[in-house]
Amino acid sequence: MKNKTILIALSVVVAILVLGVLYTVFTINNRDLHEIALKPNPEEIQQTPVDNEVWGKYYPRHWESYQKGLQSDTQTKWGGNTKESKLDRFPYLKTLYAGMGYSEEFWEPRGHPYALDDITSVPASRRKTGGACLTCKAPEVPGLIEQYGDAFYTTPFDEMAKNVDNPIGCANCHDPETNELKVVQPALINAWERQGKDITEANRQELRTLVCAQCHVTYYFKDGTKETTFPWDEGFKADEAYQYYQKLNYSEWEHPIVQTGLVKARHPDYEFFLGSTHHSAGVSCADCHMPYVKEGDSKITSHWWVSPLITIKESCTQCHTQGEDYLRERVYNIQDQHDELMDVGAEAMITAVDTISQALKTPGVDQELLKQSQDRYREAFWHFDWISTANSMGFHNPQEGAKVIGQSIQYANEATRYAREAILKASE
């Protein structure tokens with residue numbers, strides 16, 4: 001009996017030791033480098049925070065994943081990491097953007113490592129705004145805004161570009177001292193403050209989206225100062241941003257065919273994502289675009305920002321259990337339907353342009369009806385552009401996408417109807 005008791009006790013001790021060893025091995029093999037990085041960053045990073053390669057020395061696996069952003073073999077059905085012209089893919093944009101630089105050159109976006117290469121290759125005629133065009137292109141920018149003040153935005157582009165050497169990188173999202181996520185772009189901080197909110201109170205899950213919202217949003221350059229500004233004072237939706245510009249009586253340029261002032265939208269990805277199924281479920285941008293991946297003996301948050309369809313196993317199947325093929329086809333189905341709606345919207349927009357052009361050439365055309373037509377076109381253009389410049393081909397929020405395209409079609413049809421009535425009235 002005594003020997004049996006000793007044997008049981010020894011078995012328990014051995015079992016505890018084995019479990020302890022297994023737990024230790026499991027913990028080591030599955031540790032998240034974010035947790036390791038909670039200690040203060042090395043002094044070299046703190047002293048040269050804008051140098052991406054210095055961060056890479058201390059976070060080699062994150063750096064390796066960041067550099068995957070240079071790869072060009074990441075094409076999905078509706079996007080990739082190649083320098084592809086949106087004007088070739090959607091020829092109607094040349095007419096819709098007539099009178100501004102986008103009608104001459106408009107590229108699909110590429111990975112963060114290409115940010116500086118792409119902005120500095122833009123023709124000089126499109127960099128007239130000045131340093132403001134660099135706002136979301138380099139980690140040096142927040143420091144330059146602090147140093148130059150409003151002069152940052154209006155200083156000639158080529159002159160300000162001499163101060164930046166790194167494409168979007170580590171310091172754009174991480175505190176150089178603690179490595180914690182941090183919002184550094186003044187445009188987002190100021191937009192938050194105008195809404196009476198303190199962005200420093202955002203929790204970590206919110207920051208996993210907000211650090212992306214520093215740049216993946218629509219914006220404009222204020223008249224006079226050219227300060228990069230987010231038009232969110234009336235809300236985040238397309239019609240709320242439109243009301244913001246209406247209150248300012250702001251136009252970015254006058255369309256030479258329609259002869260009315262228009263406002264250009266810029267990739268409103270954060271705004272479009274708000275209220276979506278994923279956002280309502282608490283999912284952040286990083287959950288899908290920066291999945292946890294196994295690298296060696298550790299897990300890291302991937303810094304290879306691509307379509308989650310490229311990393312579908314790590315990005316999607318952690319929550320969705322239907323299988324990769326089903327999920328991929330589901331996404332493509334949503335995007336294909338969105339593209340079909342876009343084609344309908346584009347046709348309505350081009351018809352409106354042609355009809356207004358005809359009305360403008362008609363002697364004795366009813367000016368009041370013509371003005372109503374131009375006003376409707378301005379609204380139609382804003383809504384259509386909001387959707388056509390958002391990335392994801394509608395996937396970030398399919399219901400919202402269908403609604404906004406529907407609004408643009410309605411406004412474009414009304415613009416056409418007013419223009420036709422103006423022409424008919426001239427012949428009476």
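Helices here are DSSP runs of H or I with at least four residues, strands are runs of E with at least two, and both are numbered from the N terminus.

Before going on, I noted that this is a predicted model, where local features need pLDDT of at least 70, side-chain atom pairs count only at pLDDT 80 or more, and totals for chains, interfaces and linings use all residues. Residues are numbered from 1 along each chain as its sequence is written, and side-chain values use heavy atoms, with hydrogens and water left out.

**The helix pair.** I looked up how α14 (residues 238–248) and α20 (residues 367–389) pack: the angle is about 135 degrees and the axes are 10 Å apart. Axes are lines fitted to C-alpha atoms over the stretch in contact, with angles from 0 to 180 degrees between N-to-C directions. That angle makes α14 oblique to α20 (under 35 degrees is roughly parallel, over 145 roughly antiparallel, 65 to 115 roughly perpendicular, the rest oblique).

Next I listed who makes the contact (heavy atoms within 4.5 Å). From α14 I got Ala238, Asp239, Ala241, Tyr242, Tyr245 and Gln246; from α20, Asp375, Arg378, Glu379, Trp382, His383 and Trp386. They divide into six nonpolar, two polar and four charged.

**Trp382.** Skipping neighbours within four places in sequence, I find Trp382 in contact with Thr218, Ala238, Ala241, Tyr242, Tyr245, Val263, Lys264 and Ala265.

**Cores.** A nonpolar core is a set of buried Ala, Val, Leu, Ile, Met, Phe, Trp, Tyr and Cys residues joined through side-chain atoms within 4.5 Å; buried means under 20% relative accessible area (1.4 Å probe, protein chains only). In the largest core, with 52 residues, Trp382 is among those touching the most other members, as are Tyr92, Leu93, Leu96, Met349, Tyr377 and Phe381. I see α7, α14, α19, α20 and α21 each supplying at least two residues, and α21 gives the largest share, 10 residues. A second, separate core has 39 residues, including Leu144, Tyr153, Ile199 and Trp232.

**Trp232.** I found Trp232 in the loop between β2 (228–229) and α14, buried at a relative accessible area of 2%. Beyond four places in sequence, Trp232 touches Leu188, Ala191, Trp192, Gln195, Val217, Tyr270 and Glu271. Its C-alpha sits 25 Å from that of Leu93.

**Whole chain.** I logged 21 helices and six strands, and 50% of the 428 residues are buried.

Conventions
Ala, Val, Leu, Ile, Met, Phe, Trp, Tyr, Cys and Pro count as nonpolar, Asp, Glu, Lys and Arg as charged, and the others, Gly among them, as polar.
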